[in-house]
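Colleague: I have not looked at this one before. Can you take me through it?

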Amino acid sequence: MQTLNNLSLYRNIGIFAHVDAGKTTTTERILKLTGKIHKLGEVHDGAATTDFMDQEKERGITIQSAATTCFWPGSVQQHKEPYRFNIIDTPGHVDFTIEVYRSLKVLDGGIGVFCGSGGVEPQSETNWRYANNSKVARIIYVNKLDRIGADFYRVVDQVKNVLGAKPLVMVLPIGTESQLKGVVDLLTRKAWVWDESGDPLNYEIQDVPEDMKEKVEQYRAELIETAVEEDDDLMEAYLEGNEPSIEDLKKCIRKGTIALHFFPTYCGSSFKNKGVQLILDAVVDYLPAPTEVPPQEEMDLEGNPTGKHAIVDIEKPFRALAFKIMDDKYGALTFTRIYSGAISKGDTVMNTFTGKTERVGRIVQMHANDRQEVDSAQAGDIVALLGMKNVQTGHTLSDPNDVGTLEPMVFPDPVISIAVEPKDKGAAEKLGIAIGKMVAEDPSFRVETDEDSGETILKGMGELHLDIKVDILKRTYGVEVNVGKPQVAYREAITMSVQDSYTHKKQSGGSGQFARIDYTVEPGEVGSGYFFESKVVGGNVPKEFWPAVDKGFKNSCEKGVLAGYPLVDTRFILSDGAFHSVDSSAIAFEIAAKAAYRQTVAKAAPQILEPIMKIDVFVPEDYIGDAIGDLNRRRGMIKSQEPSATAVRIKADAPLGEMFGYIGDLRSMTSGRGQFVMEFSHYAPCPKNIAETVIAEAKKRAEAKK
């Protein structure tokens with residue numbers, strides 16, 4: 001039996017932030033300080049370790065989360081054994097938030113990176129919300145304090161006001177912008193001062209500068225008051241005038257951080273190599289080990305809790321969650337977080353989603369796109385498995401003799417689609433294989449084939465998302481495609497309640513078909529989706545036929561009556577009906593429901609809904625009038641304007657259909673200085689003229705198919 005590694009020395013952490021806040025640079029610095037890499041790669045040179053895709057190197061952004069493992073012995077006080085960090089560097093761009101969501105799902109702790117001048121930016125809010133939903137303990141790192149307009153104290157206020165979170169300030173910056181020299185550690189009252197060589201190891205620990213002493217004491221008192229709230233005895237002693245020891249304070253801060261009562265807050269400049277060591281020490285001191293987070297709940301196949309939990313213990317049955325599939329030259333890598341039990345090379349595991357067993361070919365530990373083979377892995381580990389045939393993101397791998405399922409991941413529906421076809425007719429098969437692999441890697445990317453036209457339709461979360469997919473097809477898989485113009489994923493909904501009846505009769509020799517249903521079709525709550533209920537009493541429609549009526553209505557909802565878009569937020573209530581003892585069957589009732597749908601939905605004042613996007617635009621002050629005028633032309637509703645140190649932030653809601661090509665227009669309007677992010681917010685009714693155009697286009701497509 002293998003021996004259990006000391007899990008108290010494990011930290012499974014993610015680094016997440018708004019695009020361009022310096023996550024990847026911070027990861028590079030961490031890898032350098034932990035001795036994992038010896039030469040620093042820079043994002044702007046396209047040489048960062050964790051950005052290894054061509055598309056990432058060129059655009060200077062992170063697209064897929066990268067995993068790496070490194071060891072930290074401690075900065076000043078060396079630990080007996082180094083701590084093991086499993087780090088996932090996640091993307092910041094909104095089109096790739098799915099990567100952040102699935103990474104947070106399998107992590108125990110996180111580092112939220114904020115830009116010292118940009119502050120709490122739109123994507124930071126989304127990522128923070130995901131981390132709250134996943135109950136992930138975090139420390140905050142305010143980066144880029146060497147930049148013009150950087151202000152640590154302003155960002156701390158934004159964390160309070162915009163995120164509604166409680167930052168626990170642990171260090172104060174010495175100097176700011178180009179004068180940033182280092183930080184003061186409030187617990188020890190010591191100043192860490194780096195020289196200008198850019199070597200992270202060239203620092204001295206000095207006394208607090210005279211002009212900062214008062215501020216240090218003020219923030220230190222706030223730090224202690226917040227920390228001792230976690231321990232009644234220490235609180236009492238503190239109120240009596242006895243200051244707790246640093247060790248006791250660290251225990252309190254750890255307890256409060258893991259309970260999400262507050263977030264230890266640090267600052268520095270990763271690019272200038274100032275302040276990163278203190279973050280690594282904070283990961284050890286305050287973020288939880290795998291055994292300190294609540295164990296994962298187990299579900300049955302319907303998604304209901306069973307009351308059992310996956311306990312972090314090598315002796316317990318094996319439970320693991322596949323959170324990412326990545327295809328490379330060696331085959332498909334299945335990134336897996338092991339929650340309980342252990343696994344060895346050659347073991348057989350059960351995929352609870354497919355109900356089939358799979359054999360683990362090899363187990364590797366990842367360092368970005370390099371790998372190190374290991375013979376076994378255990379609860380608490382994040383590893384990649386080779387040899388998995390039908391495992392997809394969110395599937396549970398389980399002990400085949402003691403099966404249990406973990407809570408699956410839920411992915412949003414795409415809002416934008418494009419049609420593609422291979423330029424070279426012979427590349428159709430190649431395109432199919434490539435797209436199959438890409439869908440397995442990214443659950444927010446979907447593909448459909450239009451049955452009538454035979455077109456391949458790619459669906460995604462935004463223009464950039466689909467741009468990158470087309471680029472990957474071309475470069476990674478060598479498939480050149482022609483791309484159609486982007487299409488919006490409209491929906492349909494009804495606005496009136498209608499009571500109706502439908503009888504399905506067919507008599508032509510042999511046994512006939514008969515089914516009558518009386519029903520009501522009514523609008524549901526926004527976001528409620530499809531709902532079916534039977535209120536039949538007395539057996540006029542026998543119970544065994546109710547599922548058939550449900551199925552008929554549900555399948556019909558995939559195509560609305562106006563333009564063929566899915567019908568949403570509608571309730572179908574079966575109230576009465578009739579059956580024939582010989583001629584009635586499930587299929588007859590299903591056919592009746594399908595015909596009833598076509599008959600009645602058209603009477604219920606159906607309307608077209610369009611996706612509305614939440615838009616956050618940053619523009620320099622000189623261009624604010626142009627930017628607002630442009631958003632108004634795009635049917636945008638301006639929600640708020642907030643001035644910041646370097647720009648004005650405009651929050652608005654606007655229909656996706658009006659936002660195509662926006663980035664190009666914004667850049668030319670602001671001389672390349674404007675930036676924006678956009679994410680799906682909700683569906684809303686279309687204006688009449690837009691709805692008419694959508695319906696006319698649908699009719700045109702239907703005619704063309706004939």
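Modeller: Start with the surface. The accessible surface of the protein is about 31200 Å², and 49% of that belongs to carbon and sulfur atoms. Keep in mind that this is a predicted model.

Colleague: What share of the residues is buried?

Modeller: Of the 706 residues in the protein, 54% are buried.

Colleague: And how many helices and strands?

Modeller: The protein has 16 helices and 38 strands. Among contacts with a separation of 6 or more, 72% are between residues 24 or more positions apart.

Colleague: Pick a sheet. What is the strand order in the open sheet of four strands?

Modeller: The order is β7-β8-β9-β10, and the pairing is antiparallel.

Colleague: Which strands stand at the edges?

Modeller: Those are β7 (171-174) and β10 (203-207). Each has a single partner strand, so one side of each is left without a neighbour in the sheet. From one strand to the next, the twist averages 25 degrees.

Colleague: How many bridges join β8 to β9?

Modeller: Four bridges link β8 (residues 182-185) with β9 (residues 190-194). Opposite V184 stands A191 in β9.

Colleague: Different topic. Where does V162 lie?

Modeller: V162 is in the loop between α5 (152-161) and β6 (167-169).

Colleague: Why does V162 count as partly exposed?

Modeller: Because its relative accessibility is 34%, and partly exposed covers the range between the buried limit of 20% and the exposed limit of 50%.

Colleague: What is V162 in contact with, leaving aside neighbours within four places in sequence?

Modeller: V120 and E125. E125 is 37 residues from V162 in sequence, with 7.9 Å between them, C-alpha to C-alpha.

Notes:
Residues are numbered from 1 along each chain as its sequence is written. This is a predicted model: local features need pLDDT of at least 70, side-chain atom pairs count only at pLDDT 80 or more; totals for chains, interfaces and linings use all residues. Side-chain values use heavy atoms; hydrogens and water are left out. Helices (H or I, at least four residues) and strands (E, at least two) are DSSP runs, numbered from the N terminus. Buried means under 20% relative accessible area, exposed over 50%, partly exposed in between (1.4 Å probe, protein chains only). Contact means heavy atoms within 4.5 Å. Accessible areas come from the Shrake-Rupley method with a 1.4 Å probe; for residues, only the protein chains shown count as cover. Two strands pair if DSSP finds at least two bridges between them. Axes are lines fitted to C-alpha atoms, for helices over the stretch in contact, and angles run from 0 to 180 degrees between N-to-C directions.
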